[in-house]
Amino acid sequence: MKERVVVILGPTATGKSHCAIEVAKRLQGEIISGDSMLFYRGMDIGTAKPTPEELASVPHHLVNIIEPEASFSVVDFKQRAEQLISEINQRGRLPILAGGTGLYIKALLEDYAFSSVEEDSELRQRLERLAQEKGNEALHAYLAQLDLAAAERLHMNNTRRVIRAIETALQGEEVPQYGAEEMPYEACVFGLNMERSLLYDRINRRVDAMLEQGLVEEVRRLLEQGVPPECQSMQSIGYRQMVWYLREGMPYELAVDKLKQATRNFAKRQITWYKKMPYIHWFDLPAEPNFEIVVNHMVANIVEKFKLV
């Protein structure tokens with residue numbers, strides 16, 4: 001019998017964490033973070049990490065597990081998440097994967113195999129095959145997961161340069177091959193989305209809230225603690241733009257504009273990635289969502305699919 005898992009995904013700022021917590025409370029669930037930025041300790045505001053009270057309200061996993069200087073790959077995530085899903089199922093509880101890192105979630109749900117590539121030619125052939133079979137946008141989305149700055153510089157149709165950037169980012173490390181024909185889990189996969197202009201407005205307001213909460217001070221503290229500005233975590237959206245402001249002399253207003261634009265672009269890429277996952281049950285949200293209604297629908301679907309009492 002396949003192990004059960006619930007997944008709540010969607011572009012940034014759509015309320016995934018809130019819904020996951022509410023579903024977990026009702027169905028004896030435990031949350032596994034599927035957001036690559038929540039892994040890092042001390043990076044709270046720029047990652048929109050759940051509050052300490054929210055983290056304490058239900059069990060959370062893969063949150064605050066590594067230092068900002070550390071690296072964490074899709075391979076690390078898949079191994080940890082698979083183990084957690086098994087352990088949570090064995091406890092008779094419901095694992096709920098919440099987050100927006102599309103490659104991580106897709107690799108888990110579709111059981112991507114990974115192998116270490118010794119030669120660039122072999123890697124290049126695999127990436128060219130990925131572009132042919134899944135489209136240039138899938139190749140570009142993969143680059144965005146590895147090196148967001150490079151993805152923002154390169155157009156998705158410039159396949160040659162996208163592949164070169166992926167080769168540089170991977171540096172001979174693991175690359176995904178194709179997933180299993182059958183999903184390894186009995187899964188309920190929910191997606192939260194809203195009309196593009198509404199989502200972008202919500203993103204802009206969320207960035208403003210992060211700045212009010214002290215994003216600049218958070219980045220300044222990390223730099224003062226000696227976290228290298230070029231490390232993986234500090235190159236992510238929010239942190240990178242504040243480094244430009246604090247260390248490279250970019251005007252504050254311009255850095256904020258670039259942060260908002262990068263977040264909107266990221267949301268657009270997330271949606272493109274999710275379109276490759278036809279098993280998602282989507283909820284189209286209004287400008288001011290009633291999350292209680294959304295959670296009620298999720299719970300009803302889960303109870304019916306998993307035949308929960």
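A salt bridge here is a side-chain nitrogen of Lys or Arg within 4 Å of a carboxyl oxygen of Asp or Glu. Glu82 and Lys78 meet that test, with side chains 2.7 Å apart, N to O. The model is predicted. Across the whole structure, a search finds 14 salt bridges.

Glu82 and Lys78 are four residues apart in α3, so about one helical turn separates them. An α-helix has 3.6 residues a turn, so residues three or four places apart point the same way. Lys78 has a relative accessible area of 9%, so Lys78 is buried. The cut-off for buried is under 20%.

Now take α3 as a whole. The helix covers residues 74-90, which makes 17 residues. At 1.5 Å a residue, α3 should span 24 Å. The C-alpha atoms at its ends are 24 Å apart, so expectation and model agree. Just after the helix, Gly92 takes a positive phi of about 80 degrees.

Arg91 forms a salt bridge with Glu30, and the closest N and O atoms are 2.7 Å apart. This pair links distant parts of the chain. Arg91 sits in the loop between α3 and β4 (94-98), while Glu30 belongs to strand β2, 61 residues apart. With a relative accessible area of 44%, Arg91 is partly exposed. Glu30 is at 4% relative accessibility, so Glu30 counts as buried.

Another bridge joins Lys276 and Glu137, at 2.9 Å from N to O. Here too the pair links distant parts of the chain. Lys276 is in the loop between α12 (252-274) and β8 (281-285). Glu137 is in helix α6 (residues 136-146), and the partners are 139 residues apart. Both ends are partly exposed: Lys276 at 31% relative accessibility, Glu137 at 26%. Elsewhere, salt bridges that share partners join Glu30, Arg91 and Arg93 into one network.

Next, the backbone. Most residues other than glycine have a negative phi, and most peptide bonds are trans. Which residues depart from the phi pattern? Gln28 has a positive phi of about 50 degrees although it is not a glycine. Lys307 also has a positive value, with phi near 55 degrees. Gln28 is in the loop between α1 (16-26) and β2 (29-33). Lys307 is in the segment after α13 (291-306). Gln28 has 52% relative accessibility, so Gln28 counts as exposed. Lys307, at 69%, also counts as exposed.

Helix α1, on one side of the loop that holds Gln28, also contains Lys16. At 11% relative accessibility, Lys16 counts as buried. Lys16 and Leu38 are 22 residues apart in sequence. In space, their C-alpha atoms are 13 Å apart.

Arg153, Arg160, Arg161 and Arg164 form a positive surface patch. Where does the largest share of the positive patch come from? Helix α8 (residues 159-170) supplies it, with three residues. Arg164 lies in this helix. At 51% relative accessibility, Arg164 counts as exposed, because the cut-off for exposed is over 50%.

Helix α8 also has a buried set. Val162, Ile163, Ala165, Ile166, Glu167 and Leu170 are buried. The 12 residues of α8 should span 16 Å at 1.5 Å a residue. The end C-alpha atoms are 16 Å apart, which agrees.

Conventions: Residues are numbered from 1 along each chain as its sequence is written. This is a predicted model: local features need pLDDT of at least 70, side-chain atom pairs count only at pLDDT 80 or more; totals for chains, interfaces and linings use all residues. Side-chain values use heavy atoms; hydrogens and water are left out. Patches are made of residues with over 30% relative accessible area and no salt bridge: like charges are joined within 9 Å, nonpolar side chains (Val, Leu, Ile, Met, Phe, Trp, Tyr) within 5 Å. Accessible areas come from the Shrake-Rupley method with a 1.4 Å probe; for residues, only the protein chains shown count as cover. Lys and Arg count as positive and Asp and Glu as negative; His and the chain ends are not counted. The place of a charge is taken as NZ of Lys, CZ of Arg, CG of Asp or CD of Glu. Helices (H or I, at least four residues) and strands (E, at least two) are DSSP runs, numbered from the N terminus. Buried means under 20% relative accessible area, exposed over 50%, partly exposed in between (1.4 Å probe, protein chains only). The expected span of a helix is 1.5 Å times one less than its number of residues.
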